[in-house]
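Please look through the sequence and the model below before reading on. The briefing that follows begins with one term, then turns to the chain as a whole, and then to a few of its parts.

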Amino acid sequence: MTPAAAAFPGIRPPSDVNPRTDPVLDFPDREYGSLVSADYAALGFLGGLEVHQQLLTRRKLFCRCPAGRYVDRADGEVLRHMRPTLSELGEYDGTALMEFKTRKEIVYLLDRGSVCTYELDDTPPFPMDDEAVEIAIALAQLLNLNLVAELHVMRKQYLDGSIPTGFQRTAMVGLTGRIPFRVPALGVDRALSIRQLSLEEDSCREVSDVGHRVTFRTDRLGMPLTEVVTEPEFLTPEEMQAGGRLLAQVVRATGRVRRGPGAARQDVNVSVAGGRRVEIKGVDNHRFLPRLVHNEAYRQLNLLRVRDELRRRGVTRESMALPDKGIPWACSALVADVGRLFDRSRHSALRAAREAGMTVCAVRMPGFAGLLAHRTQPGLTFAHEIAERVRVIACPAHDRFLAHSDATEQVGMTARRWRDVRAAVGAESEDAVVLVWADALDAATAAREVLIRAQDALVGVPAETRQANHDGTTGFERILPGADRMYPDTDTPPIPVGDAAIDRIRVSLPETPWARADRYRGLALTPVAAQRLAAAPWADVFDRAAPAAGDLARRLAASLAKRLPYHRRAGRAIPETAGSVLRDALARIAAGDIRAEALDRIVDAAVTQPGVPPAEVLAPFAPPPPADADQLVERAADAARRMPGRRPDTLLRWAMGEVMPRVLGQAGPRDVRRRLEERLAAIGAEAAR
Ligand SMILES: [Zn+2]
């Protein structure tokens, strides 16, 4: 049993493999947006979410540095190298080895005002920040989680350099709960299982990552963060998006979380039948989420197709094995140093590489002919899987570093040169060949990674974390950490969570989004409108206007949903006074003093006139003295009369268009039309006389 499992006997590491082992290889490739939920069910789609949210505290979690002080200055720098150490179980973690292979130099930029010796592991942790613990307990209660009796601080291995100590301190706050998951627009009405909520430290902000040097700022490091993990229960990409939005609403309901760029980040994990859980990191926008996970589902399906084709061709793992040690081109017949072939090459990228003293090596992939061009994601092929892995682990600093035999036309090399390259590694017609060029050490790492990725192709879907790209595709980030990455932190004693504290926090819990939606349904809103309003940032404005159940509540919800997105896009904040303006407006509409049609424009006025007393904002919407409307009708009818040769109904329509915008909300269209008809008829009769 892993140390983590020992500390929390209820928790078993999640199974990484999709419960359905039969891939549906004949399912056609489709773009996002063209599948219905039955299609995703056929694919065996399963998704889960990990939502990270920065908490609004004054201080960091384990020291007394200020939280949320982001600066671009630096008083000093620290340089570190990471080395893997054996875990307590006597094994190397795959992620740790991978990070070691990258030979990264890690630079930390330190700003005196936002970091101390704790973050750099020179001082033991201080007691956990009270505010953070309190917010996390409130959130755990909102999510109906079972609270732990004591907070046990654990260390979670973190080896990408974003935490200088190589581990993140994290404490489980609550586990195994369920919340209502209702999305009327998707026909979803069930419970969503939450696996756990932890309170943990945030990592560094990355400044740059070029070649073997990665630079971080330490201001964000150590800020309190909650991590909410759902079970993999989402059945379509749209459900995942709705789930992400729901969890964001719950955390925001506490009113004690940070907002703005980077304050909320989620990791999404996806698998399809025959595949395994792949984690896409750092999805910071719900809008892009469905396309990303749809594409990942298809990437898995396509990797399974490649796997099956390789099996059919009889390709084995052993055929791609490389000795553990030694320079690949010196110890393996699959790899050759082919640099001299390019010394007088016309192919500019390779010639430049040679002139810069780089090594060019060819790697034979037995039985892979044609498969490097197999589509995996929109616009990308299996070769991209290999290139990304080389880019992340061998860290070439140049953009172009790889070419392959399934796309010979792309690199501008002559057919003859390709024949020479193939001959150098003894490639037969059924083999593919990859060319990589970089400094000798990087080229050696690259050649190994090409073959490791080729071996993984026989597994199908490698266990890895991936990075989200804005076009909806993903790229390799790192190997998925093993379940052994957590171990107890001996620096911190357990912190008891007292019943008194829990009760005190419970009485001041905010309303949950689902309770809110129920309340709006009680005001006679439709389920869809109630759900939307509960999720909307203007729900508080609606509440302050306090509409009575029925037509006015429905109208107000509709007007807010129609007008406020427009104002928000225009950068206008909703003023404090909007609620009272709307409350008075509803009262006057109910009294027949203002017409309900004016509500959209009243919302506009309430937003554009912050701080103005309600009576003043509403004055233009009260009915004008009757003479005003009469005058407008008369003037429009007179003007219409001076348009000879027009049909009466054309004139009437024109006159309506003149009068209505000026009396909107004060006189009804039917009334204006009647008065115009009368007036035009009278003029017509006069003219006929
Ligand atoms: Zn500090």
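A residue counts as buried when its relative accessible area is under 20%, as exposed when that area is over 50%, and as partly exposed in between, using a 1.4 Å probe and protein chains only. At 9% relative accessibility, serine 203 therefore counts as buried. This is a predicted model, in which local features need pLDDT of at least 70 and side-chain atom pairs count only at pLDDT 80 or more, while totals for chains, interfaces and linings use all residues. Residues are numbered from 1 along each chain as its sequence is written, and side-chain values use heavy atoms, with hydrogens and water left out.

**The whole chain**

- The chain has 22 helices and 23 strands, where helices (H or I, at least four residues) and strands (E, at least two) are DSSP runs numbered from the N terminus.
- Of its 689 residues, 52% count as buried, and the C-alpha atoms fill a box of roughly 110 × 70 × 50 Å along the principal axes.
- If contact means heavy atoms within 4.5 Å, then 75% of the contacts between residues at least 6 apart in sequence join residues at least 24 apart.

**Two single residues**

- Serine 203 is found in the loop between β8 (188–201) and β9 (205–210), and, leaving aside neighbours within four places in sequence, serine 203 is in contact with Tyr158, Ser162, Ile163, Arg220 and Leu221.
- Alanine 96 belongs to helix α3 (residues 94–101) and is buried, with a relative accessible area of 7%.
- The C-alpha atom of alanine 96 is separated by 24 Å from that of valine 436, which is 340 residues apart from alanine 96 along the chain.

- Two packed helices are described by the angle between their axes and the distance between the axes.
- Axes here are lines fitted to C-alpha atoms, for helices over the stretch in contact, and angles run from 0 to 180 degrees between N-to-C directions.
- The axes of α17 (residues 578–590) and α18 (residues 599–608) come within 9 Å and cross at roughly 155°, which makes α17 roughly antiparallel to α18; angles under 35 degrees count as roughly parallel, over 145 as roughly antiparallel, 65 to 115 as roughly perpendicular and the rest as oblique.
- In this contact, Ala578, Val581, Leu582, Ala585, Leu586 and Ile589 of α17 meet Leu599, Ile602, Val603 and Ala606 of α18.
- By class, the contact of α17 with α18 has ten nonpolar, no polar and no charged residues, where Ala, Val, Leu, Ile, Met, Phe, Trp, Tyr, Cys and Pro count as nonpolar, Asp, Glu, Lys and Arg as charged, and the others, Gly among them, as polar.

**Helices α9 and α11**

- The axes of α9 (residues 382–394) and α11 (residues 440–456) come within 9 Å and cross at roughly 140°, which makes α9 oblique to α11.
- By class, the contact of α9 with α11 has eight nonpolar, one polar and six charged residues.

**Helix α21 and leucine 652**

- The buried residues of α21 are Leu651, Leu652, Ala655, Met656, Val659, Met660 and Val663.
- Leucine 652, in helix α21, is buried with a relative accessible area of 11%.
- Not counting residues up to four places away in sequence, leucine 652 touches Arg673, Leu676, Glu677 and Leu680, and the C-alpha atoms of leucine 652 and leucine 680, 28 residues apart along the chain, are separated by 7.9 Å.
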